[in-house]
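Here is a short report on one protein chain. Look at the sequence and the model first, then read on.

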Amino acid sequence: MNAYTGDGDEPVDDGGPPRGGLTTGEVARRLGVAPTTVRTWDRRYGLGPDAHVDGRHRRWTAADLARLERMCALTATGLPPAEAARLARSEERPTAAGARNTDAARRAPTGRRSRAGSGLQLGDVRQECRGIARAAVRLDAAALDELLLAAIAEHGLVAAWTEVIVPTLQAVGRKWETSGEKYVEVEHFLSWHVSGALRRAAPPAVEDRPGSTTVLACVPGENHTLPLEVLSAALTERGVPVRMFGGALPVESLVAAVRRTGPAAVGLWSQSRTTASRPLAQHVAAMEWGVRGARRRPVVLTLGPGWAGQAVAGLARPSGLAEAVAALEPSVYP
């Protein structure tokens with residue numbers, strides 16, 4: 001698993017800061033928070049570097065970094081930032097109701113296989129997942145936006161979605177399922193900000209070219225749109241014209257959209273087997289348009305886990321985002 005630096009191209013050893021210390025940007029990336037958060041903690045709570053070096057840029061030592069890691073763990077338990085900062089500086093134990101949660105946070109390891117101060121079991125994931133999880137649990141909108149956009153810029157839409165965003169979303173989902181309806185607000189918060197980041201990172205819509213459009217829609221009764229949103233953004237990034245219709249498109253509206261656009265391809269998303277409809281997919285695949293003697297049909301892709309065990313003869317079912325992009329590009333650029 002690679003580690004990523006903040007200001008250069010060379011990997012940083014996870015064993016500790018390099019000689020001379022870390023910059024604020026490098027510290028922020030190691031912690032998985034926004035640089036503005038580190039500066040705020042320094043200015044407001046006195047959590048800056050213990051020592052100063054010559055020059056304008058402040059450098060953070062291993063001890064400074066450990067103190068900030070403790071601050072992250074404490075705030076993730078719900079302690080007010082001022083109290084968490086006091087404890088991080090003094091190494092005191094919290095009192096009253098916060099003690100149990102903070103002890104657990106202190107015992108948690110800080111490596112990539114840790115809960116990363118978020119309360120979410122992330123497993124073996126990219127470094128960026130830690131920060132996104134922390135920001136989501138803290139409901140920190142500014143940090144979450146910055147971290148999501150940075151991951152997309154660093155890795156590209158497809159890799160950021162597959163290796164950073166999806167593992168974090170899955171960790172939140174697992175926590176929700178096992179915690180008695182807790183963390184629902186975190187899941188909604190994270191999904192909303194992922195959607196916003198995808199829209200901001202995507203290039204402008206590609207001008208339509210007759211016979212080259214891809215139509216993307218959730219099947220009736222299906223409202224999980226994020227996978228289609230990232231597919232739409234990835235196709236647009238590659239110059240493919242996309243018409244995105246979002247969640248729970250009624251059958252009549254889907255048919256009308258296909259007839260009006262005459263698409264080269266149609267992607268139908270289903271998250272659950274209860275919404276996947278073979279007859280609908282077959283009907284769309286059989287639709288024709290164009291002049292007599294040169295009529296065309298769309299390439300239809302059944303997308304999402306809802307189609308597992310619901311295979312439709314003759315229709316592709318890509319296993320992931322990269323496979324869906326690879327399947328749709330040739331349909332537009334044969």
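## Confidence

This chain is a predicted model, with an average pLDDT of 78. In the chain, 75% of the residues score at least 70. pLDDT is the predictor's confidence in each residue, from 0 to 100. Confidence is lowest in helix α5 (residues 98-107), at a mean of 39. It is highest in β3, at 95. Over residues 1-16 the pLDDT is below 50. Residues 94-117 also stay under 50. Where pLDDT is low, the predicted coordinates should not be read in detail.

Residues are numbered from 1 along each chain as its sequence is written, and side-chain values use heavy atoms, leaving out hydrogens and water. Because this is a predicted model, local features need pLDDT of at least 70 and side-chain atom pairs count only at pLDDT 80 or more, while totals for chains, interfaces and linings use all residues.

## Overall make-up

The chain has 13 helices and 4 strands. Helices (H or I, at least four residues) and strands (E, at least two) are DSSP runs, numbered from the N terminus. Of the 334 residues, 49% count as buried. Buried means under 20% relative accessible area, exposed over 50%, and partly exposed in between, with a 1.4 Å probe and protein chains only.

## The sheet

In what order do the strands of the open sheet lie? The order is β2-β1-β3-β4, and the pairing is parallel. Two strands pair if DSSP finds at least two bridges between them. β2 (242-244) and β4 stand at the edges, each with a single partner strand, so one side of each has no neighbour in the sheet. From one strand to the next, the twist averages 15 degrees.

Strand β3 (residues 265-269) is joined to β4 by 5 bridges. Leucine 268 has threonine 302 in β4 as its bridge partner. Tryptophan 269 is partnered with leucine 303 in β4. Strand β4 (residues 299-303) has 4 of its 5 residues buried, so it is largely enclosed by the rest of the structure.

## Helices on the sheet and beyond

Helix α10 (residues 226-237) lies across β1 (214-218), β2, β3 and β4. It runs at about 170 degrees to β1. Helix α12 (residues 278-286) lies across β3 and β4, at about 160 degrees to β4. Axes are lines fitted to C-alpha atoms, for helices over the stretch in contact, and angles run from 0 to 180 degrees between N-to-C directions.

Helix α1 (residues 24-31) packs with helix α6 (residues 127-138) at an angle of about 80 degrees, with axes 7 Å apart. The two are therefore roughly perpendicular (65 to 115 degrees). Arg29, Arg30 and Leu31 in α1 meet Gln127, Arg130, Gly131 and Arg134 in α6.

## Nonpolar cores

A nonpolar core is a set of buried Ala, Val, Leu, Ile, Met, Phe, Trp, Tyr and Cys residues joined through side-chain atoms within 4.5 Å. The largest has 47 residues. Trp161, Leu190, Val194, Leu231 and Leu235 have the most contacts inside it. Helix α8 (residues 157-178) gives the most to this core, with 9 residues. A second, separate core of 20 residues includes Val255, Leu268, Ala276 and Val312.

What does leucine 235 touch, leaving out residues up to four places away in sequence? Its contacts (heavy atoms within 4.5 Å) are Thr214, Leu216, Val240, Val242, Val325 and Leu328.

Definitions and conventions: Parallel < 35°, antiparallel > 145°, perpendicular 65-115°, else oblique.
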